[in-house]
Amino acid sequence: MPRPQFDAAYIQAELQKIGATLRTEVTAYLIGGGAMAFRGLKDTTKDIDLVVTTEAEFDRLLAALDGQGYEEVSELDETYRRLGARLCVENQDGCRIDVFNRQVANKLIFSNGMRQRSEEYLTSSHVSVQLTALEDIFLFKSVAKRPDDIDDMNTLVQTSLDFEAIESEIEAQVELLNGKQFTTHIRESLDELDDQYEVQTPIEDSVDEYYAQYMDELEVMLVLSEDDPMSVGTIAEERGLERSHVEEQLQRLEAYGYVEETDSGFIDTGKRDEFNE
């Protein structure tokens, strides 16, 4: 059975009720379909996605949601498990709220830049709901990979997005996340956007560059182990690569803490899961 959809008026009423339950301050950032609905870009949405940036605010919001009768959704399909919300709750109407604490979709950090680009939408004595900028919503949707996200990306492209801001945020995320793996998801979504709507964006070249860098780093990373150091020459020979190319990848990987140089050569520091996430 299809899940119910909710319009901007319903979402606003729910946020106001949650705010009235709070007794201490919370700033929550509205991303996804809810933020698009408030801007008139989407009639309805199935989910309200909220981001907080501290553990204390997460706990306060959790208590407020509980006070409004929201109950945790225990059985989530694979799409929602991949999304990685810290909390997923639903009320009797079937309205679902996904709450993230700083990291969204297990891939992006809600950065200082995102906070600065957001705009105040709803305030009461203890809650401030900020609308995330459309540029950042586009970026979140490019990594979330839910069924309607490509459709929403196409809608967002029609709003004269500041693609330079998106490129700058991708660069910031590389530093925050210590890696470029998330750009592989952006690349896949941009391909789907082109396939479904024949839409290309100005960020494709920079995303392709990060994607290529990640794949180059991965090629070197995969031959390393935590126990047996390998020299630059051995890695180059095993992979059939130029020594200078291997040195460049090792330098990047070492800067992010994924490899370490010992007296005997380079080893995997044990953070491979983080590199692949």
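A polar contact is a pair of N or O atoms within 3.5 Å; within protein, one atom must be able to donate a hydrogen and the other to accept it, and residues adjacent in sequence count only if both atoms are side-chain atoms. The model is a predicted one, in which local features need pLDDT of at least 70 and side-chain atom pairs count only at pLDDT 80 or more, whereas totals for chains, interfaces and linings use all residues. Residues are numbered from 1 along each chain as its sequence is written, and side-chain values use heavy atoms, with hydrogens and water left out.

The chain contains 13 helices and 13 strands; helices (H or I, at least four residues) and strands (E, at least two) are DSSP runs, numbered from the N terminus. Along the principal axes, the C-alpha atoms fill a box of roughly 65 × 40 × 40 Å. The accessible surface of the chain is about 13,300 Å², and 41% of this belongs to carbon and sulfur atoms; the areas come from the Shrake-Rupley method with a 1.4 Å probe, and for residues only the protein chains shown count as cover. Of the 277 residues, 50% are buried, where buried means under 20% relative accessible area, exposed over 50%, and partly exposed in between (1.4 Å probe, protein chains only). Contact means heavy atoms within 4.5 Å. Among contacts between residues at least 6 apart in sequence, 66% join residues at least 24 apart.

Helix H6 (134-144) is mostly covered, as 11 of its 11 residues are buried. Among them are Leu134, Ile137, Phe138, Leu139, Phe140 and Val143, together with Glu135, Asp136 and Lys141. Just after H6, Lys145 takes a positive phi of about 60 degrees. Lys145 belongs to the loop between helix H6 and helix H7 (149-157) and counts as partly exposed because its relative accessibility is 27%. Most residues other than glycine have a negative phi. Ser160, a residue other than glycine, also has a positive phi, near 60 degrees. Ser160 lies in the loop between H7 and H8 and, with a relative accessible area of 68%, is exposed.

Helix H8 (residues 163-177) and helix H9 (residues 182-197) have axes that come within 10 Å and cross at roughly 145 degrees. Here axes are lines fitted to C-alpha atoms, for helices over the stretch in contact, and angles run from 0 to 180 degrees between N-to-C directions. On the H8 side, Ile170, Gln173, Val174 and Leu177 take part, and they meet Phe182, Thr183 and Ile186 in H9. By class, this contact has five nonpolar, two polar and no charged residues. In that classification, Ala, Val, Leu, Ile, Met, Phe, Trp, Tyr, Cys and Pro count as nonpolar, Asp, Glu, Lys and Arg as charged, and the others, Gly among them, as polar.

In helix H11 (residues 232-239), the buried residues are Val232, Ile235 and Ala236. Seen down the axis of H11, these buried residues fall within an arc of 100 degrees, so they line one face of the helix; the arc is that of the directions from the helix axis to the C-beta atoms. Cover for the buried residues of H11 includes helix H10 (204-221), helix H12 (243-255) and strand E13 (265-268). Glu237 and Glu238, on the other side of H11, are exposed. Gly233, also found in H11, counts as partly exposed because its relative accessibility is 29%. Gly233 and Asp66 are 167 residues apart in sequence, and their C-alpha atoms are 59 Å apart in space. Gly240 follows H11 and has a positive phi, near 70 degrees.

Arg272 is found in helix H13 (residues 272-276). With a relative accessible area of 23%, Arg272 is partly exposed. Neighbours within four places in sequence aside, Arg272 is in contact with Met221, Leu222 and Leu224. A polar atom of the Arg272 side chain lies 2.9 Å from the backbone oxygen of Met221, and a polar contact of 3.1 Å joins the side chains of Arg272 and Asp268. Arg272 and Ser124 are 148 residues apart in sequence and 44 Å apart in space, C-alpha to C-alpha.
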